[in-house]
Amino acid sequence: MFTDVSLPYVNIPINHMQQKYNWDCGISCVLMVLPPDKRNNLLKNFSEICADEGFFKRQVFKLKNFNTWTIDLCYLLLRYNIPHKYCTITLGVHPDYVNQNFYDKILLKDEVRVNKKFAQAANRGVSIRKRSLSDVDLQHHLSECGPVILLTNANLLHCQVCNSSRSFSDELKACLPWRSGNSSVKGPVQYHGHYIVLCGYNMSEQSYLYRNPTYKDKICSMTYTAMTQARKSHGTDEDAILIFQRKWI
């Protein structure tokens, strides 16, 4: 735990990558934190590498309706020797998610693979810590180490810079594999997992800077409070991948 932040403003330069399908937001975030040569390798060999990582079987690859979990992204980072640490409050697949709309379509297909990767993580060299990260933890990492890949609830994302949450939400939902239904219906906000790259913060405005793979090239901003709600929404397990490499950015 850290007690202060060394810099009042951080904006890490990142080569933005827009997702191509409705399932590859996490991979697009990995592409953003890879150095150029490794990014090009992944792009050139995209389908082969995704099949090799177990996201789908080679013979059924149709560029849609696949899923990547945070542990999958960690193995992908490991493949390219990117130092990182995975922080989460749940090791493996949360048993309660079987009753959640977002997960009920994918658990049967992915649970075995995901739990196997968790079980083998230590031997493979994937660093996982069961812990919740505070704003100070995130800001210290951003100022001293590098960007952070965050799992968020897409329905809670917005942008202070765009100042157009309605169009932002509509465009974001278009890239998701499952739609949230009628947004005018009152009640709890439904969960739709979506990865973003946290790339900075502004202490004076009490806000985070982030890159959303939904868009072509844009730096978005959210208050600390709003980002906390999005990243700690039930369904995210507070998943965060801390990237430890700055020499290429």
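## Charges over rings

Let's start with two lysines. The charged end of Lys117 sits over the ring of Tyr75, at 5.2 Å from the ring centre. For Lys218 and the ring of Tyr215, that distance is 4.0 Å. "Over a ring" here asks for NZ of Lys or CZ of Arg within 6 Å of the ring centre and within 35 degrees of the ring normal.

A quick word on what you're looking at: this is a predicted model, where local features need pLDDT of at least 70 and side-chain atom pairs count only at pLDDT 80 or more, while totals for chains, interfaces and linings use all residues. Residues are numbered from 1 along each chain as its sequence is written, and side-chain values use heavy atoms, with hydrogens and water left out.

## The chain as a whole

The chain has nine helices and eight strands; these are DSSP runs numbered from the N terminus, with helices being H or I over at least four residues and strands being E over at least two.

Among contacts (heavy atoms within 4.5 Å) with a separation of 6 or more, 74% join residues 24 or more positions apart.

## Strand β2 and its partners

Strand β2 spans residues 84–88, and four of its five residues are buried. β2 pairs with strand β8 (residues 240–243) in the antiparallel sense over four bridges, and Lys85 stands opposite Leu242 there. Pairing takes at least two bridges found by DSSP between two strands.

β2 also pairs with strand β3 (residues 128–130), this time in the parallel sense over three bridges. Cys87 has Arg129 as its bridge partner in β3.

## Aromatic pairs

Rings of Phe, Tyr and Trp (its six-membered ring) pair if their centres lie within 6.5 Å; planes under 30 degrees apart count as stacked, over 60 as edge-to-face and the rest as tilted. That rule gives five aromatic pairs. In one of them, the ring centres of Trp23 and Phe46 are 6.1 Å apart and the planes are at 45°, so this pair is tilted. Trp23 is in the loop between β1 (9–11) and α1 (25–33), while Phe46 is in helix α3 (residues 46–52), so the pair ties together parts 23 residues apart in sequence. Trp23 is buried at 4% relative accessibility, and so is Phe46 at 14%. Ring pairs link Tyr21, Trp23 and Phe46 into a cluster.

Tyr208 and Tyr224 make another tilted pair, because their ring centres are 4.8 Å apart and their planes are at 55°. Tyr208 belongs to strand β6 (residues 207–211) and Tyr224 to helix α9 (residues 224–231), so the pair ties together parts 16 residues apart in sequence. Tyr208 is buried at 0% relative accessibility, and Tyr224 is buried at 8%.

## The nonpolar core

A nonpolar core is a set of buried Ala, Val, Leu, Ile, Met, Phe, Trp, Tyr and Cys residues joined through side-chain atoms within 4.5 Å. The largest one holds 67 residues, of which Ile27, Ile71, Ile149 and Leu198 touch the most other members. Helix α1 gives this core its largest share, seven residues.

Leaving aside residues up to four places away in sequence, Ile149 touches residues including Cys29, Val30, Val33, Leu73, Tyr195 and Ile241.

Notes: Buried < 20%, exposed > 50% of the residue type's maximum accessible area, 1.4 Å probe, protein only.
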